[in-house]
Amino acid sequence: MYKTIYLRKGKEESLLRYHPWIFSGAIQRMDDGLEEGEVVRVLTSSGDYIATGHYQQGSITVRVLTFSDVEIDDQFWYSRLSSALRMRQAIGIADSADNNTYRLVHGEGDLLPGLIIDVYGQTAVMQAHSIGMHLNRKAIARQLMEVMGDRLQHVYYKSETTLSFMDPENGFLIGGSKDNVAVENGLKFCVDWLKGQKTGFFVDQRENRSLLERYAKGRRVLNMFCYTGGFSVYAMRGGASLVHSVDSSAKAIELTRQNVEMNFPNDPRHEAFCDDAFKFLERVAPLSSPEGDTNILKSNEAPSEAVGGASYNLIILDPPAFAKHRGALHNALKGYTRLNQKAFEKIEKGGILFTFSCSQVVTKDHFRNAVFTAAAQAHRKVRILHQLHQPADHPVNIYHPEGEYLKGLVLYVE
């Protein structure tokens with residue numbers, strides 16, 4: 001029998017609206033001996049059942065798994081995973097002939113808070129963001145194989161970065177494959193699920209990469225914070241005349257070059273640079289510079305550091321999260337403003353800027369205001385062409401608006 005947590009009077013209101021988090025301040029008392037990751041039943045102050053979830057010390061004390069008084073067993077995991085797959089089939093992302101890369105489980109968006117599962121071909125990469133999901137990882141992996149059938153052969157567990165305080169061991173729970181090449185919209189990518197960020201690839205930018213491809217023809221593209229070069233590869237297929245990829249990580253640059261070479265062997269249009277984004281942009285010749293139409297770097301740069309080629313008329317800014325908690329919000333917004341201002345100062349007239357924030361605490365209004373401020377400070381005329389967000393395989397639970405984390409704008413700059 002599960003242990004019990006009792007809420008303070010009136011603190012069940014958010015749960016009546018099906019919000020999946022219970023904060024520590026809402027709890028009146030709990031049974032003795034509760035261990036982190038344990039499944040608990042949650043009762044109102046009057047003793048009425050309201051939810052079942054995973055207990056964990058901290059601000060979010062319970063992540064709700066269900067609002068029905070049922071067992072959290074193999075059948076529960078099978079049912080939730082089956083529901084997630086059905087949705088991906090309904091939107092045409094699972095079982096696609098030219099795409100075997102997608103998110104199968106997106107935490108609260110799939111009523112499985114604390115769990116992420118990305119599919120790369122016949123390998124699923126599972127990541128836990130809660131102790132409860134970590135403790136259930138083997139049971140979830142077994143039911144995942146049942147649900148996916150012959151679509152899946154391997155399950156890799158990767159939670160060293162998300163649960164670092166527990167020191168969980170990354171590795172295969174089922175199978176074991178060295179084939180790390182996945183296909184996204186007909187393009188091939190090496191996925192570094194061993195040491196890469198997140199689950200090894202940023203699946204959430206798939207639709208935005210496709211949109212960029214439509215704008216790339218004949219353009220000179222700068223892809224900042226390129227990671228594995230996803231935007232760069234799409235720009236190449238879209239007919240860009242030049243593509244430069246920049247990241248501060250040497251490993252990311254190596255992956256970018258590998259991915260470009262795999263799709264466009266020996267193509268001279270692409271070059272990658274291991275550099276700090278702000279420093280790289282600082283060296284780009286200003287729009288008003290006489291060298292602006294012919295040289296990317298200022299003339300006083302050493303030849304070994306020179307990029308060569310033309311200035312840029314399509315720039316992508318897809319930085320890592322500048323704010324991972326509310327206390328960092330102010331500095332994050334300053335960072336977004338500074339970064340976008342620098343891009344506005346450098347991009348050619350008639351250029352297009354794709355700019356993003358993946359910080360959950362940065363709202364759409366926060367981000368738009370930061371970009372607005374950057375445009376004003378750069379004295380550029382700017383029009384919004386598209387307002388972007390995460391794709392359909394990263395669904396937002398309507399009762400959990402915090403799940404809408406990815407924001408983006410496509411801007412035309414005069």
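Q: How many cavities of 30 Å³ or more does a search of the whole structure find?
A: The model is a predicted one, and the search of the whole structure finds one cavity of 30 Å³ or more.

Q: What volume does this largest cavity have?
A: The volume of the largest cavity is about 90 Å³.

Q: Which residues lie nearest its centre?
A: The largest cavity has a lining of 14 residues, and those nearest the centre are Phe202, Arg209, Cys226, Phe231 and Asp318. Two elements, strand 14 (220-224) and helix 6 (230-237), each give two or more residues to that lining.

Q: And how does the lining of the largest cavity divide by class?
A: Seven of the lining residues are nonpolar, five are polar and two are charged.

Q: Turning to pockets, what is the volume of the second largest pocket?
A: The second largest pocket has a volume of about 190 Å³.

Q: How many residues line the second largest pocket, and which lie nearest its centre?
A: There are 13 lining residues, and Asn180, Val191, Asp192, Trp193 and Leu194 are the ones nearest the centre of the pocket.

Q: Which element gives the most to that lining?
A: Helix 7 (residues 250-263) does, contributing four residues to the lining of the second largest pocket. By class, the lining of this pocket comprises six nonpolar, three polar and four charged residues.

Q: Cys226 came up at the cavity. How many disulfides are found in the whole structure?
A: The search of the whole structure finds zero disulfides. For cysteine 226, the nearest cysteine sulfur belongs to cysteine 274 and is 9.1 Å away.

Q: Why is cysteine 226 in no disulfide?
A: A disulfide requires two cysteine sulfur atoms within 2.5 Å.

Q: Is cysteine 226 buried or exposed?
A: Cysteine 226 counts as buried because its relative accessibility is 6%. Cysteine 274, at 45% relative accessibility, counts as partly exposed.

Q: Moving on to charges, how many salt bridges does the structure hold?
A: The structure holds 16 salt bridges. One of them joins arginine 88 and aspartate 110, with the closest N and O atoms 2.7 Å apart.

Q: Where do arginine 88 and aspartate 110 lie?
A: Arginine 88 is in helix 2 (residues 74-90), while aspartate 110 is in the loop between strand 7 (101-106) and strand 8 (115-120). The pair links distant parts of the chain, 22 residues apart, and both residues are buried.

Q: What does arginine 237 in helix 6 pair with?
A: The side chain of arginine 237 meets that of glutamate 213 in a salt bridge, at 2.9 Å from N to O. Arginine 237 is partly exposed, its relative accessible area being 32%.

Q: What about glutamate 348 and arginine 220: how do their side chains meet?
A: They form a salt bridge with an N to O distance of 2.6 Å. Glutamate 348 lies in the loop between helix 9 (329-346) and strand 18 (351-357), and arginine 220 lies in strand 14, so the pair ties together parts 128 residues apart in sequence. Glutamate 348 counts as buried at 14% relative accessibility, and arginine 220 counts as buried at 19%.

Q: Which residues do salt bridges with shared partners join into one network?
A: Arg206, Glu207 and Asp393 are joined in this way.

Definitions and conventions
Residues numbered from 1 in each chain as written. Predicted model: local features only at pLDDT ≥ 70, side-chain atom pairs only at ≥ 80, totals over all residues. Heavy atoms only, no water. Buried < 20%, exposed > 50% of the residue type's maximum accessible area, 1.4 Å probe, protein only. 1 Å grid on protein atoms, 1.4 Å probe; cavity = no way out; pocket = protein on both sides within 12 Å on 5 of 7 lines; lining within 4 Å. Points joined across faces, edges and corners; volume = space filled by probe spheres on them. Nonpolar A, V, L, I, M, F, W, Y, C, P; charged D, E, K, R; others polar. Salt bridge = Lys/Arg side-chain N within 4 Å of Asp/Glu carboxyl O.
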